[in-house]
Amino acid sequence: MITLNVNGQSRQIDADPEMPLLWALRDLLKLTGTKYGCGVAACGACTVHVDGQPVRSCVTPVSSVANAKIATIESLGVKGDHPVQRAWIELDVVQCGYCQSGQIMSAVALVESNANPTDADIDAAMDGNICRCGTYPRIRAAIKRAAEIKRNGGAA
Amino acid sequence: MSTNRRAFLIGIGVVAAGTTVGVVVAPRLLGHRKPPFDFKPNAFVRIGTDGSFTMTLGKAEMGQGIYTGMPMTLAEELDVNPQRLTIEFAPVDPAFNHPFLKMQFTGGSMSTISTYDQMRLMGATARTMLVSAAAARWKVPVESLATDDGTVVERNGGRRATYASLAEDAAKLPVPAKENVKLKDRGSFKYVGKPQKRLDNVVKVTGRAVFGSDVQPPEMLKAVIARAPSFGAKVKSFDATRARAVKGVVDVKQVPSGVAVIAENTWAALKGREALQVEWDESAGQNVSTASLRAEWRGLAAKPGAVGKDVGNVKNALANAARKIDVEYELPYLAHACMEPMNAAALVKDGRCTLWVGTQNQSQDLNLVAQALGIPPANVELHTQFLGGGFGRRASTHSDFTVEAAHVANGVGRPVHVVWTREDDMRGGFYRPYSISRVRAGLTADGKPLFYHQTVVGKPVLKQSPIGKPIIDKLGFDPSSFEGAANTLYGFPNLRVESHDTDEVVTNLWWRSVGNSIHGFVVNGVVDELATLAGQDGYAFRRELLATQPRALAVLDAAAKNAGWGQPLPAGRHHGIALHESFGSIVAEVAEVSVEGRNVRVHRVTCAIDCGFAINPDQVVAQVQSAVIYGLSAALAGEITIDKGRAVQGNFTDYPVLRMSEVPQIDVHIVESDGPLGGLGEPGTPPIAPAVCAAIHAATGQRIRRLPIAASLA
């Protein structure tokens, strides 16, 4: 058995130590907000936070994160009231939506560490996240808006 | 639009606006779904005595925004704020059939076009009945009543009653005939025509949206398939001993598409597949490669083909042309590369089948699954989920990934979810057709456009589909070969388009905008070459070719003006322009590009679109931006090459798509017209490749006649 700390809860799983965290989250813990897109850390759909850092869960063996704090899209709440989610809603970012959990987790990590991200900061933080619907222009705008919401202490 | 032209477009997927719509009511969808009471005047809307408003959506949501567009149209006439609606995906039922295709299907950019009148009528019918119920309760004439966001009000400012409080009374009334239902004037619309927030925002930013990948019926197993490594390959034999020994593997079985490994979870299935030994007969694709197809097709393109369109006399024009070109254009196979790889879940038990799948093709999936299992269609149930991208791939002509899931699940007795890895998906075929064209075109002595003669070689898509047959029978040819060329808006006095249909073993399919992304590139490329030959710029020359097309001219002018066409650009930057009509919408795009060596950078794209009337203008902008980015990924570097029958590229590592840092600024200008409603999901894609290539020519003098651009600049 491997013990994981996911979204503040301790969860026991019976898994092959090599199993990528992605499949442990999705298949064993039924946390399906985190998506499979490429399996080789090339698209970012599977992005979660491990000890606050954005990580591609599709190439992260579950045994390597047994002592870490893991946060998935579900940790942001079901209402969409995190500043990044609020900005995403305000600017109607999503289209098919499949990549957006990963986009949002990358964006949350960015705005947590950078109160006022520039275009270059956004390029650097988000280039690992692919969106085939092409929501990039709105993601860029929404990250700036989310940072603004955060700077205003959560007030719009 | 002439009758012929309309017939042609219908073939590809545009249904003329003004489709007759009756009150479609499916008997099994009527009735009271749950106590205490629901008012359900038709298959689409349900008003609960608890104050709920529910809309049943027969279309698939794959990003294009129909989950918001159709509900807001219905809500407009029902007179309820669309944000109060709860949306549920419809079962497969004739009530949700496409009015022309007679099947439940989402594609061809026609969801809005084909349901707009219907949604209005459905909403207005419900509102009429609720008003009648209030009139009867209060014993006043209906004329004395109005509605306001879910409430019936007396015009004199007197009584008010919520729809919820009237639902039970309204349900007892007969459904009025269409003639007795009054629709709103467009001028009094509260929601339609104004930006409306997407109704799927919250579920999609919280990870709660359930895609096909995310379904969790109890006891479900996961499966992956050892798939044919090359096109047409067949299983010779396999040894599952080691696969079965992997912890979590439940079963290994042969199915038509390969050998399935069924396991308790995805990882176990993947490990099992790694351990599986399969021997393949790859003879079918052994001699097929992009290079061999190219050589063969170039020969074909030089020969006369089947005539899809013949206007004027290109033979005489060729003889009389003062200046002419004879050129070859080539476009590669392209994977759709939806973010969500293909997948479908099935439970086959007791002569019945339940499917959970993100599909554009509900009716066909259901019917082909019934056929594959040898059970009546009535015994198959299909639950549509959110689609993590579609772009045509999830409108499979063979329902490949859904039927496959039924085969795998057959005999298992538990639900089985067949998932495709990215490599399975990218190497699995169903690409945009590979296409080679020879084009001869020319000018008169005074530099006017004289003729356009294209011979296209490739495997047409439509005839592979069950929906294609009636259309091809009617027209006498497969219009998908010519789409975007035969019906170009550019007014060549002499125009001839011929085709050679191929039948290579590589599978193909419609890809966002179908033939339009191929021929929009070829036609615009040739027009640009003629402009240079005529000593004109691409914009001025197109104005001449579109002289009798006022809508197209307005769109072209809007794009040019907003891009600052002809104005000085920053050093090293150049403009290119293209225009294409598809799915009833006209789009022009101006690309601002710089080229350094082999490095092409697109800085800005200015788009103008005439889609008739913009129902949700903000989503018009979103869809055009989306279509530009999708087309630009393909234009710059998208290519599936075939070697010994195998697809070479397998993941985003060797099939690069646009990322954040590469995305240009994209401005979208909506040119409203009194034209019929046009489609939106696709028409933004065709102009981007030729606009960028025209700009590259302006920058370097090099013509890009073969996509992707990276291959031509190599």
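Tutor: Before we start on this predicted model, note that the domain bounds used here come from an automatic or database domain assignment.

Student: OK, which domains does chain B get, then?

Tutor: The assignment for chain B gives domain 1 (13-199), domain 2 (212-283 + 342-419) and domain 3 (290-334 + 430-712), with domain 2 and domain 3 each written as two segments.

Student: How many Å separate the centres of domain 1 and domain 2 of chain B?

Tutor: Taken over C-alpha atoms, the centres of domain 1 of chain B and domain 2 of chain B are separated by 37 Å.

Student: And how many residues are in contact there?

Tutor: On the domain 1 side of chain B there are 11 residues, in contact with 16 residues of domain 2 of chain B; the domain 1 side that touches domain 2 is made up of 6 nonpolar, 4 polar and 1 charged residues.

Student: Let's go to helices. At what angle do the axes of helix 10 and helix 11 of chain B cross?

Tutor: Helix 10 (residues 362-373) of chain B and helix 11 (residues 400-409) of chain B have axes that cross at roughly 35° and come within 9 Å.

Student: Left-handed or right-handed crossing?

Tutor: The crossing of helix 10 of chain B past helix 11 of chain B is right-handed.

Student: Which residues meet?

Tutor: From helix 10 of chain B come B:Asp365, B:Leu368, B:Val369, B:Ala372 and B:Leu373, and they meet B:Thr402, B:Val403, B:Ala406 and B:His407 of helix 11 of chain B. By class, this contact between the two helices has 6 nonpolar, 2 polar and 1 charged residues.

Student: Switching to chain A, what are its domains?

Tutor: Chain A is assigned domain 1 (2-73) and domain 2 (83-151), and the C-alpha centres of these two domains of chain A lie 21 Å apart. Their contact takes 14 residues from domain 1 of chain A and 11 residues from domain 2 of chain A.

Student: Which strand gives the most on the domain 1 side?

Tutor: Strand 3 (47-50) and strand 4 (53-56) of chain A each supply at least two residues of that side, and strand 3 of chain A gives the most, with 3 residues. The domain 1 side of chain A that touches domain 2 divides into 6 nonpolar, 7 polar and 1 charged residues.

Student: Last one: how many residues does each chain put into the contact between A and B?

Tutor: Chain A contributes 48 residues and chain B 47 residues. Among the elements of chain A that each supply at least two residues of its side are helix 3 (100-113) and helix 5 (136-151), and the chain A side as a whole divides into 26 nonpolar, 12 polar and 10 charged residues.

Terms used. Residues numbered from 1 in each chain as written. Chains lettered and ligands numbered in written order. Predicted model: local features only at pLDDT ≥ 70, side-chain atom pairs only at ≥ 80, totals over all residues. Contact = placed C-beta atoms within 7 Å. Nonpolar A, V, L, I, M, F, W, Y, C, P; charged D, E, K, R; others polar. Helix = DSSP H or I, 4+ residues; strand = E, 2+ residues; numbered from the N terminus. Axes fitted to C-alpha atoms, helices over the stretch in contact; angles between N-to-C directions. Left-handed = near helix turned anticlockwise from the far one by under 90°.
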